[in-house]
Amino acid sequence: MSQVIVVGGGAAGMMAAYASAASGHQVLLLEKNEKLGKKVYITGKGRCNVTNTADREQFFQNIVTNSKFLYSSIYQFDNQAMMSFLEEYGCPVKTERGGRVFPVSDHASDVTGAFCRALQEMYAEVRLHTEVTGLLFQETGREGTSDPAQKRRRICGVRLSNGEKLEADAVILACGGLSYPSTGSDGTGYQLASQAGHSVVPCVPALVPFEIKERWCKKLQGLSLKNVEIKLFLEEPRKEDRPHAERKPIYRGFGEMLFTHFGVSGPLILSASSYCSKRIAEGAHARLFLNLKPAMEEETLDKRLLRDFEENSHKAFKNALGGLFPSKLIPVMVELSGINGEKKVYEITRQERLSFVKLIRNLPLTVTATRGFAEAVITQGGIPVMEVNPSTMESKICGGLYFAGEMLDIDALTGGYNLQLAWSTGHLAGTCIPF
């Protein structure tokens with residue numbers, strides 16, 4: 001039996017503590033907040049999208065960063081295992097659109113409640129209001145050697161903010177990233193990892209809204225659009241051998257989006273952000289092209305528009321678009337079209353109509369920035385996966401030190417995938433600690 005300390009009582013930490021205790025170890029879970037799972041409480045708008053029912057192939061397609069690193073953890077503890085765990089500990093689940101899994105109660109508190117019961121059943125000790133500020137080490141290299149390369153540090157405990165030292169045979173760091181800092185995700189985990197000799201991939205907000213240059217976005221504040229398509233391009237200098245028209249989008253998606261006072265948000269936008277956050281943080285701009293009618297090809301849309309124009313031929317252009325757009329969007333589309341809104345429909349030329357069709361299918365938006373960590377669902381960046389054993393989650397640099405969850409340089413799209421990464425990596429770390 002080993003003495004295991006888990007630092008961080010979020011999704012990954014709770015699972016790591018449970019898995020380690022269930023494996024027969026003596027476990028102490030340290031959490032600086034007043035309760036476990038503080039960030040879990042706000043996920044899924046308070047409902048907690050715990051996982052996704054996607055099969056493994058589809059699941060890995062939704063992992064954005066370092067998917068291959070996660071093979072062992074996901075195969076060892078997948079979405080089905082997570083759902084079974086919650087059911088076993090009194091939190092029945094249901095599946096909704098897109099394979100998203102939620103507690104039947106729609107209360108995230110029931111997820112943390114299940115973990116509290118599981119931890120209690122496995123005799124894992126939990127200490128709240130307890131902040132770890134340092135790691136304790138011992139050298140385990142060859143005796144008598146002066147070559148640092150032949151020495152390997154090994155963890156032997158942690159130091160608390162009050163100066164207390166706690167001994168341990170293994171320490172699992174599951175401190176989260178930088179997103180939603182109000183929940184305690186303040187980067188402390190990266191500082192602790194640095195003490196052990198680890199580097200940190202620069203962190204950026206991901207699954208985060210975009211700030212948009214175009215002023216007309218603000219006029220649409222609060223408008224939600226469903227069943228639209230976006231294409232996202234990075235703004236790069238044009239190369240002679242690869243003109244702009246031949247560039248491929250770095251993201252193309254279909255779904256729901258929302259206009260805000262600063263730009264755009266919603267599930268579709270959040271997913272798109274994961275493919276460009278790092279480049280935007282480096283100073284790049286991006287362009288979004290919004291297709292308001294993706295179900296219709298250009299020719300079909302033109303026929304539809306022509307039919308609407310024929311039925312409203314004597315109306316002003318601005319009053320003939322009610323069948324195509326929400327009322328809030330009509331004035332903006334009229335403005336962007338360049339067609340006088342008072343112009344009678346029968347006076348609109350074929351060229352004006354065709355240009356309007358192209359606008360409907362390619363509404364341009366200029367991304368100037370992402371919002372900050374306070375609005376980001378997850379963090380991109382963190383502990384490099386090359387410094388961690390994917391089969392055990394143990395550090396390759398410091399013996400007895402393990403990682404789990406958002407601290408690692410791993411991330412996925414919305415839909416329950418990121419929480420599953422936390423469950424899977426936490427479970428693997430907890431079960432791989434030797435006796």
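1. The expected span of a helix is 1.5 Å times one less than its number of residues, and helices (H or I, at least four residues) and strands (E, at least two) are DSSP runs, numbered from the N terminus. Helix 5, residues 109-121, has 13 residues and reaches 18 Å from its first C-alpha to its last, close to the 18 Å expected at 1.5 Å a residue.

2. On provenance, this is a predicted model, in which local features need pLDDT of at least 70 and side-chain atom pairs count only at pLDDT 80 or more, while totals for chains, interfaces and linings use all residues. Residues are numbered from 1 along each chain as its sequence is written, and side-chain values use heavy atoms, with hydrogens and water left out.

3. As to the whole, the protein chain has 13 helices and 22 strands, and its C-alpha trace spans about 90 × 50 × 40 Å along the principal axes. Of its 435 residues, 54% count as buried, where buried means under 20% relative accessible area, exposed over 50%, and partly exposed in between (1.4 Å probe, protein chains only). Among contacts (heavy atoms within 4.5 Å) in the protein chain with a separation of 6 or more, 74% are between residues 24 or more positions apart.

4. To return to helix 5, its buried residues are Val 111, Thr 112, Gly 113, Ala 114, Phe 115, Ala 118 and Leu 119. What covers these buried residues includes helix 1 (11-22), strand 2 (26-30), helix 4 (79-88), strand 6 (100-103), strand 7 (125-127) and helix 13 (417-431). Just after helix 5, Tyr 123 takes a positive phi of about 60°.

5. Helix 1 and helix 13 also pack against each other, at an angle of about 30° and with their axes 7 Å apart; axes here are lines fitted to C-alpha atoms, for helices over the stretch in contact, and angles run from 0 to 180 degrees between N-to-C directions. That angle makes helix 1 roughly parallel to helix 13, given that angles under 35 degrees count as roughly parallel, over 145 as roughly antiparallel, 65 to 115 as roughly perpendicular and the rest as oblique. The crossing of helix 1 and helix 13 is right-handed, a crossing being left-handed if the near helix is turned anticlockwise from the far one by less than a right angle, and right-handed if clockwise. Helix 1 contributes Ala 11, Ala 12, Met 15, Ala 16, Ala 19 and Ser 20 to the contact, and helix 13 contributes Leu 419, Ala 422, Trp 423, Gly 426, His 427, Gly 430 and Thr 431. By class, the residues of this contact of helix 1 with helix 13 are eight nonpolar, five polar and no charged, where Ala, Val, Leu, Ile, Met, Phe, Trp, Tyr, Cys and Pro count as nonpolar, Asp, Glu, Lys and Arg as charged, and the others, Gly among them, as polar.

6. Helix 13 also holds Thr 425, which counts as buried at 0% relative accessibility. Leaving aside neighbours within four places in sequence, Thr 425 is in contact with Leu 70, Ser 73, Met 393, Phe 403, Ala 404, Gly 405, Leu 408 and Ile 410. One of these partners, Met 393, lies in the loop between strand 19 and strand 20 (398-399), has a phi near 70°, a positive value in a residue other than glycine, and counts as buried at 0% relative accessibility.

7. A positive phi, near 60°, is also found at Asn 66, a residue other than glycine. Asn 66 sits in the loop between strand 4 (63-65) and helix 3 (71-76) and is partly exposed, with a relative accessible area of 29%.

8. Helix 10 (residues 298-311) and helix 12 (residues 350-361) pack at an angle of about 120°, with their axes 10 Å apart, and are therefore oblique to each other. The contact of helix 10 with helix 12 has eight nonpolar, no polar and five charged residues. In helix 12, the buried residues are Arg 353, Phe 356, Val 357, Leu 359, Ile 360 and Arg 361, and they pack against strand 17 (286-291), helix 10, helix 11 (330-337) and strand 18 (363-370).

9. Finally, Gln 380 lies in strand 19 (residues 378-382) and counts as buried at 2% relative accessibility. Gln 380 and Cys 203 are 177 residues apart in sequence but 5.4 Å apart in space, C-alpha to C-alpha. Not counting residues up to four places away in sequence, Gln 380 touches residues including Val 64, Thr 65, Cys 203, Ser 274, Lys 278 and Asp 411.
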